[in-house]
Amino acid sequence: MALQEIRDRISKACDSSGRAAESVQLIAVSKLQPDSRVEAVLEEGHRVFGENRVQEAAGKWPAFRQRYDGVKLHLLGPLQSNKARQAFELFDVIHSVDRPKIAKAIARLADEMGHCPNLFVQVNTGEEPQKAGVMPDDLDGFVAECRALGLPVIGLMCIPPVDEEPSLHFALLAKMAKRNGLEGLSMGMSGDFEKAVAQGATHVRVGSAIFGARDYS
Ligand SMILES: *Cc1c(COP(=O)(O)O)cnc(C)c1O
């Protein structure tokens with residue numbers, strides 16, 4: 001099925017750039033997918049999933065987790081501070097940290113709960129006004145601020161503008177991560193994950209190429 005095909009393509013992309021296949025984690029993005037498709041991927045043994053909304057994840061993942069061990073959930077969409085507590089309960093990794101207010105809310109919860117999801121800082125590499133993410137010029141300062149709060153920032157995440165060559169954005173993200181001493185690179189989706197692997201992605205976020213088209217109706 002599609003999952004195996006995507007794994008094979010990731011392996012090939014790793015081979016081509018002299019990387020080990022295990023150096024890339026495949027996050028299966030299950031947002032807006034029917035439970036039957038998600039279940040098929042769980043049955044294949046895959047355990048790493050991504051969701052965009054806290055609310056949607058809360059509605060479906062507790063039940064899947066009762067039936068399947070070892071599920072790791074990644075939050076890919078924007079996080080509001082009033083949803084941070086619920087996000088803490090559900091997610092192992094958050095990819096969308098992008099402003100001081102949310103960084104502080106996460107730090108407070110981490111103190112209270114004694115644990116914290118691993119974090120990626122989202123960067124608005126295309127400097128698009130409508131898009132989430134820290135502006136590139138503000139990134140180094142924001143990463144320093146997160147570190148001063150004791151937050152476990154493990155890498156950077158980006159979603160390139162739809163009409164631009166993604167490789168340029170992936171390369172920029174890699175450069176910014178290196179400059180900040182960060183190893184994680186969350187980049188690459190269904191249409192461009194091989195290019196992302198070539199630029200050093202450690203986490204690719206693939207939805208429709210695994211599950212089929214989403215139902216937005
Ligand atoms: C939906 C989504 C994806 C997956 O997109 P596909 O094109 O279906 O692979 C990846 N990352 C983020 C942040 C998303 O919102």
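How far does a polar side-chain atom of arginine 205 lie from a nitrogen atom of the ligand? The distance is 2.9 Å. The views below come from a predicted model, in which local features need pLDDT of at least 70, side-chain atom pairs count only at pLDDT 80 or more, and totals for chains, interfaces and linings use all residues. Residues are numbered from 1 along each chain as its sequence is written, and side-chain values use heavy atoms, with hydrogens and water left out.

**View 1. Residues around the ligand.** The shell consists of Val29, Lys31, Asn52, Leu76, Ile159, Met189, Ser190, Arg205, Val206, Gly207, Ser208 and Arg214, where a residue belongs if one of its heavy atoms lies within 4 Å of the ligand. Five of these residues are nonpolar, four polar and three charged; Ala, Val, Leu, Ile, Met, Phe, Trp, Tyr, Cys and Pro count as nonpolar, Asp, Glu, Lys and Arg as charged, and the others, Gly among them, as polar.

View 2. Lysine 31 places a polar side-chain atom 2.7 Å from a ligand oxygen atom. From serine 208, a polar backbone atom is 2.7 Å from an oxygen atom of the ligand. The ligand taken alone exposes 390 Å², of which the protein buries 90%; accessible areas come from the Shrake-Rupley method with a 1.4 Å probe.

**View 3. Lysine 60 in helix H3.** Lysine 60 is located in helix H3 (residues 54–67); helices (H or I, at least four residues) and strands (E, at least two) are DSSP runs, numbered from the N terminus. Lysine 60 counts as buried because its relative accessible area is 10%; buried means under 20%, exposed over 50%, and partly exposed in between (1.4 Å probe, protein chains only). Its side chain reaches the backbone oxygen of serine 30 at 2.9 Å. The side chains of lysine 60 and glutamate 56 are joined by a polar contact of 3.1 Å.

**View 4. Two loop residues with positive phi.** Most residues other than glycine have a negative phi. Leucine 32, in the loop between strand E1 (25–29) and helix H2 (35–43), has a positive phi near 60°. Leucine 32 is partly exposed, because its relative accessibility is 33%. Glutamate 127, in the loop between strand E5 (118–122) and helix H6 (139–148), has a positive phi near 50°.

Terms used
Polar contact = N/O pair within 3.5 Å; in protein donor to acceptor, adjacent residues only side chain to side chain.
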